[in-house]
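Keep the 3D view open as you read.

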Amino acid sequence: MPENHQIAVEFRDVTFSRNHRPLVSHLNFSIRQGEALVLLGRSGSGKTTTMKLINHLFTPTTGEVLFDGIPTTQWDEIKLRRRIGYVIQETGLFPHFTVERNVGLVPTLEGWKPKQIKTRVYELLHLVGLAPEQFAGRYPHELSGGQRQRVGVARALAADPPVLLMDEPFGALDPITRLEIQQEFRRLQQDLGKTVVFVTHDIQEAFVLASRIGLMYGGELVVLGTKDEFMRSQHPESLAFLECLHSLQDNL
Ligand SMILES: Nc1ncnc2c1ncn2[C@@H]1O[C@H](COP(=O)(O)OP(=O)(O)OP(=O)(O)O)[C@@H](O)[C@H]1O
Ligand SMILES: [Mg+2]
């Protein structure tokens, strides 16, 4: 079916349970190629769980997740993960690898030439605002939390995967750097036509980055739409998030 070419990821009535308790339930939605879908929701609402269902770190208890039209359970896991860059909430850098080796990890696994890897690593460190001359040789424990997060972003971009999952990647940044990197990332995402699923609990961040916003509440996706549609949503949880925006403005 031609319209399927436009769909990168599809959730078909997905529930994921642990110890007989659903962490997410009845997820039904699609992620279009080239869009930036922001999953917004308060802590514990199921955002990270939804991400882990996409790259098959979790297997649906019922329903299925299709990546490029094929259920994640039928994908070769290594092939699937190479197509999906993943920035996890805690950055997940290898502590005994330098910044350069961490960022160059996937290109190394893919057998790129050392010179090519170095060029790519330096390019990405520039991109995330870390001068390579200064940072390439450092170890993760020699960085601040925000610098570690930027290395995590560079690593996920390194092998140019078509899909990126980003789980609160900018949480540890100061507000100025954060806004800069959000705007830079949005530009990059649009220029490269990347499909991005971005998790945040910050509604302002959602508005900077999203082509569509998905609002999670209690393990369910309760609203999915453009920013305008989100602004008009009458769901109590969207109203609660919008109230946070308004109260910020009112206090200025
Ligand atoms: N492996 C697990 N086993 C059991 N329960 C889990 C597991 N992982 C997460 N949970 C629970 O599932 C719910 C959803 O968790 P999830 O990590 O998806 O939330 P989140 O929206 O990412 O929250 P946060 O913004 O705090 O990161 C939470 O109640 C959490 O305690
Ligand atoms: Mg989370």
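A pocket here is an open set of points on a 1 Å grid over the protein atoms alone, with protein on both sides within 12 Å along at least five of seven lines. Its volume is the space filled by probe spheres set on those points. Bear in mind that you're looking at a predicted model.

With that in hand, go to the largest pocket, which has a volume of about 540 Å³. It is lined by 20 residues, and those closest to its centre are Arg81, Ile84, Tyr86, Leu105 and Val106. Which helix gives the most to this lining? That's helix 2, with four residues. Helix 2 spans 77-82, and it is joined by strand 6 (84-87), helix 4 (105-109) and helix 7, each of these four elements supplying at least two lining residues. Zoom out to the domains, and you'll find at least three lining residues coming from domain 1 (1-83 + 169-252) and at least three from domain 2 (86-161).

Now for the second largest pocket, which holds about 180 Å³ of space. Its lining has 15 residues, and nearest the centre sit Gly44, Ser45, Gly46, Lys47 and Thr49. Strand 2 (21-32) and helix 1 (47-54) each bring at least two residues to this lining. How do its residues divide by class? Two are nonpolar, nine polar and four charged.

Back to helix 7, a contributor to the lining of the largest pocket. This helix covers residues 145-157 and includes glutamine 149. Is glutamine 149 buried or exposed? It counts as buried because its relative accessibility is 7%, and the cut-off for buried is under 20%. Skip its neighbours within four places in sequence, and glutamine 149 is in contact with Thr91, plus Glu168, Pro169, Phe170, Gly171, Ala172 and Leu173.

The last stop is glutamate 100, in helix 3 (residues 99-103). Glutamate 100 has a relative accessible area of 23%, so it is partly exposed; that class lies between the 20% and 50% limits. Not counting residues up to four places away in sequence, glutamate 100 touches Lys118, Val121, Tyr122 and Ala136.

Terms used
Residues are numbered from 1 along each chain as its sequence is written. Chains are lettered from A and ligands numbered from 1 in the order in which they are written. This is a predicted model: local features need pLDDT of at least 70, side-chain atom pairs count only at pLDDT 80 or more; totals for chains, interfaces and linings use all residues. Side-chain values use heavy atoms; hydrogens and water are left out. Buried means under 20% relative accessible area, exposed over 50%, partly exposed in between (1.4 Å probe, protein chains only). Contact means heavy atoms within 4.5 Å. On a 1 Å grid over the protein atoms alone, a cavity is a set of points where a 1.4 Å probe fits but cannot get out, and a pocket is an open set with protein on both sides within 12 Å along at least five of seven lines; lining residues have an atom within 4 Å of a point. Domain bounds come from an automatic or database domain assignment. Ala, Val, Leu, Ile, Met, Phe, Trp, Tyr, Cys and Pro count as nonpolar, Asp, Glu, Lys and Arg as charged, and the others, Gly among them, as polar.
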